[in-house]
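Trainee: I would like to learn how to read backbone angles, a ligand shell and a nonpolar core. Can we work through an example?

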Amino acid sequence: MKNLIPSWIRVPVLFFIILGTVEFFVDSGKQPAFVKYPAVLLFLLLVLFILIAIEGIVGSLENVMFQKLSPEAKAKFIAEKNKSAKITWLKDTYIKLLGSKPIEQEGEIILDHSYDGIKELDNDLPPWWKYAFYISIVFAVVYLIRYEVFGGQNQIEELNEEIAEAQVAIEAYKKTAKGLVDVNTVTILTEASDLTAGKNVFQTNCVACHMADGGGGIGPNLTDNHWILGGDIKSIFHTISEGGRSGKGMIAWKAQLKPLEIAQVASYVLTFQGTTPANPKVAEGDIIVDPNAGDASEAPTETSEEGEAEVQPDSTLQTEAEVPAEVISE
Ligand code: HEC
């Protein structure tokens with residue numbers, strides 16, 4: 001048997017080709033597939049084992065055959081094997097690709113012209129260069145036909161298509177992922193599990209200033225329909241996430257609470273509407289009735305300002321003049 005490539009090259013090369021193929025076909029995100037999926041690692045180890053086993057079997061078969069040969073045949077076999085085992089072909093191809101003539105043969109290609117004693121060799125173009133050139137011609141033809149004649153997608157179109165696909169995927173994901181709420185998409189959560197979660201957040205973080213029943217203390221009363229910073233779910237989400245007016249004591253909670261938690265506690269805050277706390281703090285801010293939440297036990301008296309506050313939550317953060325007397329007196 002003629003060994004073109006020694007086994008210490010053959011085994012790793014085959015192994016890495018298989019590894020590369022596996023990595024190419026198995027979608028494993030940023031991690032390599034064999035790290036993410038232990039089964040792949042097992043498969044690769046098995047492949048390696050089999051490759052080595054095959055080498056071993058072939059080697060021992062050769063040995064058995066060798067024992068049966070006549071002495072002359074043995075000598076011939078060894079000679080053959082020694083010749084082929086050396087990677088002469090690698091060296092040969094290298095020299096062929098360079099295409100340069102050995103110094104002894106330079107006489108054949110020397111031009112009979114002397115430039116002040118300097119002579120010129122008529123070397124051929126190096127084959128590696130020529131082959132690369134031919135390949136580039138083939139590439140150009142294929143490229144031209146594919147993209148210019150048959151109108152293949154250019155990179156911008158490819159990008160746009162991928163972006164559109166990703167957008168669809170993001171939309172689909174957003175629909176299922178509650179945790180991605182923000183101030184623009186938040187809606188009142190009504191599921192008991194969400195309200196319980198909101199209650200827990202409230203009891204851990206908020207009771208110190210707003211009291212467990214929302215009656216208020218350092219922070220304003222949350223049970224009435226007077227709001228300093230807006231009483232619709234979006235405004236409340238905004239207040240909790242970004243905090244109240246500076247210096248008043250209501251910090252921005254977005255660093256400590258996840259968006260979903262803010263949505264949950266905001267929905268929970270709205271369940272205080274219309275309840276009667278033990279020690280209600282005097283109402284502060286404008287009357288704002290979110291049509292979707294709570295009940296309006298008190299008749300709205302300042303309806304003219306209500307609309308303004310609802311459209312733009314931050315508009316209630318204006319000059320002191322616009323904030324009702326109770327707030328200023330504090
Ligand atoms: C350190 C005391 C303190 C803590 C803790 C606190 N708040 Fe406040 N909260 C305030 C103060 C003070 C205000 C009034 C802010 C202003 O006037 O700008 C306020 C305002 C609010 C408002 C707006 C009320 C309105 O009338 O517009 C809401 C809603 C609110 N807090 C919810 C919460 C929630 C939910 C938590 C827990 C995650 C919390 N607060 C934790 C002190 C606190």
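Mentor: We will take these features in turn, keeping in mind that the model is predicted.

Trainee: Which residues other than glycine have a positive phi here?

Mentor: Most residues other than glycine have a negative phi, and most peptide bonds are trans. In this structure, Asp 116 has a phi near 50°, and Met 211 has one near 70°.

Trainee: How many residues surround the ligand?

Mentor: The shell has 25 residues, with Cys 206, Cys 209, Gly 219, Gly 244 and Met 250 the closest. Helices H8 (192–205), H9 (207–210), H10 (233–242) and H11 (259–270) each give two or more residues to this shell. By type, it comprises 16 nonpolar, 7 polar and 2 charged residues.

Trainee: Which residues have the most contacts inside the largest nonpolar core?

Mentor: Phe 237, Val 265, Ala 266 and Val 269 do, in a core of 21 residues. H8, H10 and H11 each supply at least two of its residues, and the largest share, 7 residues, comes from H11. Beyond its neighbours within four places in sequence, Val 269 is in contact with Leu 222 and Ile 236.

Note on methods
Residues numbered from 1 in each chain as written. Predicted model: local features only at pLDDT ≥ 70, side-chain atom pairs only at ≥ 80, totals over all residues. Near = placed C-beta within 6 Å. Helix = DSSP H or I, 4+ residues; strand = E, 2+ residues; numbered from the N terminus. Nonpolar A, V, L, I, M, F, W, Y, C, P; charged D, E, K, R; others polar. Core = buried A, V, L, I, M, F, W, Y, C linked by C-beta atoms within 7 Å. Buried ≥ 20, exposed ≤ 12 C-beta atoms within 10 Å, placed from the backbone. Contact = placed C-beta atoms within 7 Å.
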